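Please examine the structure shown below before reading on.

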Amino acid sequence: MFLYQGPVKELDDKFVTLIGKFVADIKHGKIRGSTNRVLAMVTLLETIITESQYTTAVDLCGAIRAAGRQVMAALPNELVIANVARRLLRAIRDENRAQGNQGIEGSGESLQRLVLAASARRATLGTAQHDLREPLRDYIAELRGELESSISSICGQAREHVHGDELILTYGASPITERFLRAAAPRKYKLILAEGPDPTEEFYSELTVLIAEWSQSHAMANRLSAAGVPVTVISAASIYAVMSRVNKVVISVKAALGGGAILSEAGVFSVTLAARHYRVPVLALVPLYKLCPIHDLTPFNSSGSPHTALSYDHHEATSDNVHVYAPLYDFAPPDNVTLFITNLGGSSPSYMYRMLSELYDPSDYLL
Amino acid sequence: MQVAGVPLIDFTLESLSRGGVGEVILFCCKGGQKIKDYVRSCVEKKAIWSVTMEVQVMMSDTCQTMGDVMREIDAAGLIRGYFVLAGVNSITNIHFGSLLEQHKQTCKKDKGAAMTLVYKKVSWEHPLITSDKPTFLAANANTKKVLMHQKYKPKSTEKSINLPLEIVLNHSEVKLHHNLIDASIALCSPSVPPLFSDNFDFQTRDDFIHGILINEEILASSLYYTLLKGNQYAAAVTNWKTYQTVCHDVLHNWTYPLSIETGLCYQNTYLNMGNHNFRNRNSTLSRSSSVVENVLIGSKTNINDNTVVTKSMIGNQCVIGNNVTIKGSHIMNNVVIKDNCNIVNSFIDDNCIIEENSVVENGTIIASNVVVQAGSQLRGNILESTEAEREKTLMKSTSESTEWENESSGSGGDDFIGFEKTWSDSESCYSSDGSDESSLPDSPIPEDTNIFLQEVIDSLARGYEEKLKNDYLILEINSSRYAYNIQLHEVNFFVVRALLSIPVLADTKNVLSTVKDILKYFRPVLSNYIKTKSSVMDCLRAVEDSCIKCQWLEGKCGQILHLLYEADVVDEDSLLEWRQDLEENESPIANQPSLVKFFEWIEEASEESDESE
């Protein structure tokens, strides 16, 4: 039985409420940062696995698939969250197979068995009734460890990519680039930070009195220069002008797509395009959980509040004939990225499809 | 009532839950059961807001205004902490938690701080200002304390503003604001409900603001204001024009993260077609139809060949025929529009059917379940043909079989008629000792004067039937007068108007003798109110008004005046003065034969009396 044909379980009310709470938390901005969101999703799925009565592979897959679908429907922009469900589905499949093999022979998988029976068994779940919850708990603990450490393992590679006296350009603020650049600080490089369209952050003193209003990029520049990196902040408009002097471009991504393309904050496409024109290498920092088995973009470009482009104070803003667009994300094709730096090391865009099949099962690509 | 395809109440609840509110009390004065059912169904569907906050629906048919609601709340002791007061008609993406925190800081500095008003600053040309009541605000620049607050009527011609000198003298820096949108949101201290109870003449929030500013020393309370910044959006739907503007803003994502998808918890069903056109996945568009800009199309809606839609909202399950043009219109659910229709700047409510070749233009408002016959030409008010004039729409039925229901200005839907308030207990996400939310009546309350008139008619009719004592009736009228805040001269006017509108008159065959009877019976009431010369004029004006408006009095104006004259209610001088008025104003009754006859008689009578003297 192929899993995507398998039944999608009706989830208990208890779990639906849990999912609702999770969605509300994300929508209300209580869980910030992709890592935290992904970890919260792991916790959610773990609760569903441990508290439900399902034990067999088919049932568990149905439950996780249902939860994944609900979350995806509610948060279509959070591509990354569904990856957790895909990872778990893959784990259920693997565990099921391992258990099945033990049942027959009482020994581990042999190479011969893998080769002979691979295609037939890959996507099937069999009828064996094993309690998979125990091994799954172990796997979840492992997954959580991997997620938590993924950023630090990417940052561990910083010194291999950033060298002394280089001029690095980055676009906008993101926690992962900040940590990456900070880890590379001993290399004595110089940084150009191009302001993104990021919202201003309000800084409050202890008495919740507003003391400063900074854009996130400015705040990041401030912290980096405190860490000893010489930072120059430029406006996004002058990226092309400085690109000829830049040695490397470092960007973070929202999601890495199957074909090696990236989805990132609005404006990244022009940055990578300029880099490509000057043959400047573009490094994309991609923890593996951001790798999504999708290829197209159409439904995912949602727009944000247009106030970043035009203030509401202007009367043009509400004129019938003015259309203000403020897309949240940008799509950069595979050609524009030189290297993906994942937690398993660097890999080229053309290799990303291979990573996909290592992480997920092909029948789970469509949740 | 839907704004951009989402029930207004969903926007409000969603923004409350985003803002970290823990508990909502919805106060309904009308249609409470519907709202209750709706809220329950949402909770069953596990709408996102239902997970994080509790919604309690309260119903009260006796509450007419916000003042009544606040008094009720105070009497029930529902709110004990700081709270947010908002209307169901306001759409906002602000974070209530941080604003409330700010209000508490103000309260620490000034113990009397009662309310912080929330305003959004926009350009002067903004449609929300030009079509709503513009607000003028003077405030202390350092403390943000409101010193003066004034609302103007829409399109008022008043050119000057009086600013008391002491405002400028007593404060080192004064800020004047004129370009503010009032989102009908306010942050309140626990002292607000008792203030409403103590001052029973506060009907609305504006009364409250006004009262507090005038009696600042006596009430020991003060007001503050805050302006929203950058991406924070707040606006209130108060009339059709603001409705249109808010829909536009929602579609253009100014309210981000509130959007057309708000309220739909687990499905994001809209497809973006570019140019701010959105259509539901389940909607069907013909290949030859075209959707130009700012269009929202609901689910299972069918649009056929060669139809052009622009700047419009179309609800769910609508069927739009061939060669239809829809422009700047709002079409609700289950509407059928047949071929070759032309619909411009109009509002069509649920379940309407517009037959072939109809033209609906210029701010026509069609209520639910109406069938417009083939070939009808509906032009709301042709003189004022811009969209801005929707609220003034007249319903002229051109075809006899169509039933028109005149929807008064403002909001028609059921979700609209409600008050709302919330409070979050100590478990809410920001550690406060209770924050609440309550709201203004969002449908424009039926005008006080109309209610007052109805009440007076009722009391008089009852008094006449049951032969009650006139003293009691006077007492009754006086108490309604205070309840509805009616001026004395209006009372005079309405009492006479009511006398001539007692339902008995409509049924009787011999109107004049009944009128005579009534006048005789209510003589003490009349003499109580109609004493001075100006009150006599009020009385005469009321007669004029009744003669125009009541069918049973048609053509009998002169006789009625005669009766009044005989009963010594009116005197000659005022009658003559009134007649001049009539002629100057070209009143439709000025040339009525009965009236002309009456005045001839009067003149003769006065000449006779002169002669006899």
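**A sheet and a helix**

In this predicted model, chain A contains an open sheet of seven strands with mixed pairing, in the order E5-E2-E1-E6-E9-E12-E13. The edges of the sheet are formed by strand E5 (231-234) and strand E13 (345-347) of chain A; each has a single partner strand, so one side of each is left without a neighbour in the sheet. On average, and with direction ignored, neighbouring strands of this sheet are turned by 25 degrees against each other.

Strands of a sheet pair through backbone hydrogen bonds, in either a parallel or an antiparallel manner. Strand E1 (residues 167-171) and strand E6 (residues 248-252) of chain A pair in the parallel sense, over three bridges. Within this pair, Ile168(A) has Lys248(A) in E6(A) as its bridge partner. Helix H9 (residues 216-226) of chain A packs on the sheet, where it touches strand E2 (190-194) and E5 of chain A. The direction of H9 makes about 165 degrees with that of E5(A).

Chain B may now be considered. Its secondary structure comprises 21 helices and 34 strands, and buried residues account for 45% of its 613 residues. Of the contacts in chain B between residues at least 6 apart in sequence, 60% join residues at least 24 apart.

Which residues of helix H16 (residues 511-521) of chain B are buried? They are Val511(B), Val515(B) and Leu519(B). These three lie on the same side of H16(B), because they cover an arc of only 70 degrees around the axis. Ser513(B) and Lys520(B), by contrast, are exposed, and they are carried on the face of H16(B) turned away from its buried side.

Note on methods:
Residues numbered from 1 in each chain as written. Chains lettered and ligands numbered in written order. Predicted model: local features only at pLDDT ≥ 70, side-chain atom pairs only at ≥ 80, totals over all residues. Helix = DSSP H or I, 4+ residues; strand = E, 2+ residues; numbered from the N terminus. Buried ≥ 20, exposed ≤ 12 C-beta atoms within 10 Å, placed from the backbone. Contact = placed C-beta atoms within 7 Å. Pairing = 2+ DSSP bridges. Axes fitted to C-alpha atoms, helices over the stretch in contact; angles between N-to-C directions. Arc of directions from axis to C-beta.
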